[in-house]
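Please give a careful description of this protein model for a reader who has not seen it before.

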Amino acid sequence: MIAGLAVLSAATTAMAQGPTEKVRKINLYTWPQAALPQHYQAAQLIAQQWRQLGLDVEVKPLQRQQQTQLIWFSRDKWDTTTWRMVGRPERSDPDEFLYSLYHSSYAEKGYNFIGYNNPEYDKLAEKQRTQLDPEERRKTAYAMQQIINRDQPQAFLVHPKYPLAFNKAVFKEDTVVNQSGIGIRNVWTFMKIEPLGAQKDLIINSNEVINATNPLYIGGAVDSWVTDLIWDRIMRIGPDGLPQPWAAETVNWVDDKTVEIKLRAGMKWHDGKPVTIDDVVFSFQTPAGSKAPMYKPFVTDIVEMEKVGELGLRFKLKQPNTTFLAASLAKINLIPKHIWEPVLKDLEGKPETAEQLKEVSKIGSGPFKLVRWLPTEEILTERNAEHFSAPKIERWIMRIVPNAEATLGMLKRGELNFLGMFNGDPEVLVKFAKENPDIAIRSEVDIGFEYVAFNNRRPPFDDVAFRRALSVAIDRRLMVSAAWQDYAIPANSHVSPVLKFWHDPSVDTFKTGLADARKILQDAGYRVVAGKLYYPVGKSEKLTTE
């Protein structure tokens, strides 16, 4: 009876303070359990914690293509979703996360799909690109991490530690390359790994289907595995995390705003036509337009490209850009002008971008050629014998295997010989390796991170206090232990602790707990009435939850 009177009293007091409106139901989108069980489990745990704040939360699993269409291409129609930024070699320099992920100019199209808008952050994002002194740039990177820690435009969950494996009876063990912040599943491994016997194919698994193999679309983790094989870049990030010349024989700074490259002689596209400086110019001009918005951040500082002889090219920049080698020359895929120029011309005047194209020629110049693509079943590539770094294996084959148990069965039978992704309990994999001594396991903390994205455009997520409260309510230790089975470390930064020089360790002290979350909401004027969360007095919204 006393509890009932307390609820009634709270409700009466709240109504007396002025008009109130209950916070509407929140949809939390995620991957299905079979596709990405860590995200599905995390979403269920997070929903439970948010409900204890008085929110009505529905977890909505979506297949990958549906989720991409809703979140990426319909940016104003969702509330919150689990998401991931995967570790890629070029992200060894943090610029892609520091700049592209949160700069307001990329909210409509591009990486800033959450719609975060903070002029203070924008200025620092631009500033860090121009700082040639690493110590000064680090100070700026630290300040940016502090802003994101304060604003919580998304709730970081973990930096994963993916367990990967290969069959050391099939491949020479010391030819498997571990890349810092990436692990053994990388283009250096795929080029250098040596077969020991008659099996010359590397057969790798994925539990995710392929969205696209498109050199102008930055897809998810699995898409990028394939893209790295087919298309070359002027530079590549080496196993040590530093950019090194690749399609270019040499790369030199002429002054602090001019970079000169010399293209390797004799390079060919997979259709036999030569790779020319005109192709290189075209590859960097294309993202500067409106049809490849995801790559636009990496070319915005280019003022002019000037040919120097048959194989030379000078990039002239608007300003000093310390990130240009890693974030631009090691990021932009080289594409054949003779194939893509008519494709892009056909898109002129249409709302579609090149990102949305599925059926485009897969001709590149990289170490592997695409032979067959069955999006939900298999991708088959073969060795490009004419490449300057021709692989030792004959074919690179990826098979889509959604079920973790089936993956281990195929590994045991030799139907797979490289475990590129494992979505089951890591301890099951460890036990499997002990029972099958030919299987070697390797793991590495990732450059990337897993998180809950908040749609900053839509109430209630346009309120910093609301976002911060929801983030504080999430128990990161539970995420690590229950969702990622201890194969992860807690996250609260867009710069991974793997990048020791750039990561601000002070943000790791982010305090979480439901009591703190409730206090943030209360201090901001939110109230719980009869177990439901209400907006501060006078605040309302017109949105309805679909």
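## Basis of the model

This is a predicted model, in which local features need pLDDT of at least 70 and side-chain atom pairs count only at pLDDT 80 or more, while totals for chains, interfaces and linings use all residues. Residues are numbered from 1 along each chain as its sequence is written, and side-chain values use heavy atoms, with hydrogens and water left out.

Two packed helices are described by the angle between their axes and the distance between the axes. Helices (H or I, at least four residues) and strands (E, at least two) are DSSP runs numbered from the N terminus, and axes are lines fitted to C-alpha atoms, for helices over the stretch in contact, with angles running from 0 to 180 degrees between N-to-C directions.

Helix α6 (residues 134–151) and helix α14 (residues 464–472) have axes that come within 8 Å and cross at roughly 90°, which makes α6 roughly perpendicular to α14 (angles under 35 degrees count as roughly parallel, over 145 as roughly antiparallel, 65 to 115 as roughly perpendicular and the rest as oblique). In this contact (heavy atoms within 4.5 Å), Asn149, Arg150 and Asp151 of α6 meet Val464, Arg467 and Arg468 of α14. The residues of the contact of α6 with α14 divide into 1 nonpolar, 1 polar and 4 charged, where Ala, Val, Leu, Ile, Met, Phe, Trp, Tyr, Cys and Pro count as nonpolar, Asp, Glu, Lys and Arg as charged, and the others, Gly among them, as polar.

Helix α16 (residues 514–523) also packs with α14, at an angle of about 170° and with the axes 8 Å apart, and that makes α14 roughly antiparallel to α16. Here Ala465, Phe466, Arg468, Ala469 and Val472 in α14 meet Asp516, Ala517, Ile520 and Leu521 in α16, a contact with 7 nonpolar, no polar and 2 charged residues.

An open sheet is formed by 4 strands in the order β8-β9-β11-β10, with antiparallel pairing; two strands pair if DSSP finds at least two bridges between them. Because β8 (248–255) and β10 (302–308) stand at the edges with a single partner strand each, one side of each is left without a neighbour in the sheet. Between β8 and β9 (residues 258–263) there are 6 bridges, and Asn252 has Glu260 in β9 as its bridge partner. Helix α9 (residues 277–285) lies across β9, β10 and β11 (312–317), running at about 175° to β10.

Elsewhere, β12 (residues 368–374) and β13 (residues 378–383) pair in the antiparallel sense over 6 bridges and form a hairpin with 3 residues between them. Strand β13 is also joined by 5 bridges to β14 (residues 395–400), and these two run antiparallel.

On a 1 Å grid over the protein atoms alone, a cavity is a set of points where a 1.4 Å probe fits but cannot get out, and a pocket is an open set with protein on both sides within 12 Å along at least five of seven lines; lining residues have an atom within 4 Å of a point.

The largest pocket has a volume of about 320 Å³, a volume being the space filled by probe spheres set on the points, with grid points joined across faces, edges and corners. Its lining of 17 residues divides into 9 nonpolar, 5 polar and 3 charged.
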